[in-house]
Amino acid sequence: MTVLETPAVLAPHTDGATAHSKAGSALEARVQALWREAEDVLGIELRPALGALFPAFSAGSHLDLYLPNGMRRSYSLVNAPQERHRYVIGVLRERAGRGGSRCVHESLQVGMRLQLSQPRNHFVLQESAAHSVLVAGGIGVTPLLCMARHLHSLGLSFEMVYCARSRSSAAFVEELQALGMPLAMHFDDLKGGPPDLLDLLARRPPDANTHHYACGPAAMLTGFQRACDTLGHQNIHVERFVPLPTAPTDREPLGYRVELRRSGRLLTVAPGSSLLDTLLDAGLDIDHSCREGICGSCTVRVLAGTLEHRDAVLMEEQRAANNVMMACVSGCSGAKLVLDL
């Protein structure tokens, strides 16, 4: 089984630290519409503030909002990729969060102007698959709805499983039903407990040409991966809202040198320090947001060095290629790292 890990995008998305910088390519947008999509879920339609089209995006993409309180948060795009005249997101109010989702729910108003990042995608839909199975948990429906719209527009074979605590907390149900694909829905309050993913995913036999995608809470993703492994399903794609737990180690973190090839500078990452903080302290304008290895903002190109990947973004083959890393959480196990900076 091939498991492809990506961030979460993200869909309620990360309520982490305030971003220190904005990319020079930030987009100007205005809030076109706001609506209560479901219990604690706010639907938001964004339009280009200057009347132009937004950049194109692919199914599964997310972007960052620069919020009025100075925070920066990542949210998955819900609308169809061919719709460049608007971006649509759904934001879950995180009661235990650190203020990002609360700011979205309480501060955004129709007509307000916001800056957005360019869309990026670490949860890529494989259009060559003979069949796709989309498994959503709660607000994790957002990137999967975008995928469902795209698969429907292409006339490709797919189905969906949607799980939520209750019908009232389930967002975009009518839009999913309107697509006409096979749709199994499980609401915990009506079924008396969480879904049996083994049963739900056993309805289709293993097929090397079928791809399975899941986005949702950590416990659901653990059950999803366990069920796929038991059933022999291959080609598994996962997007997470929270970072993967770090395995404990007795080894003391070591420092290492960093060569910035294009600028000709040499830096030192002190033991226990992050590469991102070292680059920022040296005056480099490195795009970043979550600081937890789940949003993909701080991706840097690597020219040489032995990497220690600790993110939930890169796929297995990307890690093996050893040419990109997430500067916020990943590091170097050798003496020197060479970056394309």
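This is a predicted model: local features need pLDDT of at least 70, side-chain atom pairs count only at pLDDT 80 or more; totals for chains, interfaces and linings use all residues.

Trainee: In what order do the strands of the open sheet lie?

Mentor: The five strands follow the order S14-S13-S19-S15-S17, and their pairing is mixed. Strand S14 (265-269) and strand S17 (324-326) are at the edges with a single partner strand each, so one side of each has no neighbour in the sheet. From one strand to the next, the twist averages 40 degrees.

Trainee: How do strand S15 and strand S19 run, and how many bridges join them?

Mentor: Strand S15 (residues 299-304) and strand S19 (residues 336-339) run antiparallel and are joined by two bridges. Ala304 has Val338 in S19 as its bridge partner.

Trainee: Which residues of helix H1 are buried, and where on the helix do they fall?

Mentor: The general idea comes first. An α-helix has 3.6 residues a turn, so residues three or four places apart point the same way. In helix H1 (residues 100-107), the residues Gly100, Ser101, Cys103 and Val104 are buried. Viewed down the axis of H1, the buried residues lie within an arc of 160 degrees, so they line one face of the helix. They pack against strand S3 (41-48), strand S5 (72-76) and strand S6 (87-92).

Trainee: Is Gly137 buried or exposed, and which residues does it touch?

Mentor: A residue counts as buried under 20% relative accessible area. Gly137, in strand S8 (residues 131-137), has 4% and is therefore buried. Leaving aside residues up to four places away in sequence, Gly137 touches Cys163, Cys215, Gly216, Pro217 and Met220. Gly137 and His186 are 49 residues apart in sequence, and their C-alpha atoms are 9.6 Å apart in space.

Conventions:
Residues are numbered from 1 along each chain as its sequence is written. Side-chain values use heavy atoms; hydrogens and water are left out. Two strands pair if DSSP finds at least two bridges between them. Helices (H or I, at least four residues) and strands (E, at least two) are DSSP runs, numbered from the N terminus. Axes are lines fitted to C-alpha atoms, for helices over the stretch in contact, and angles run from 0 to 180 degrees between N-to-C directions. Buried means under 20% relative accessible area, exposed over 50%, partly exposed in between (1.4 Å probe, protein chains only). The arc is that of the directions from the helix axis to the C-beta atoms. Contact means heavy atoms within 4.5 Å.
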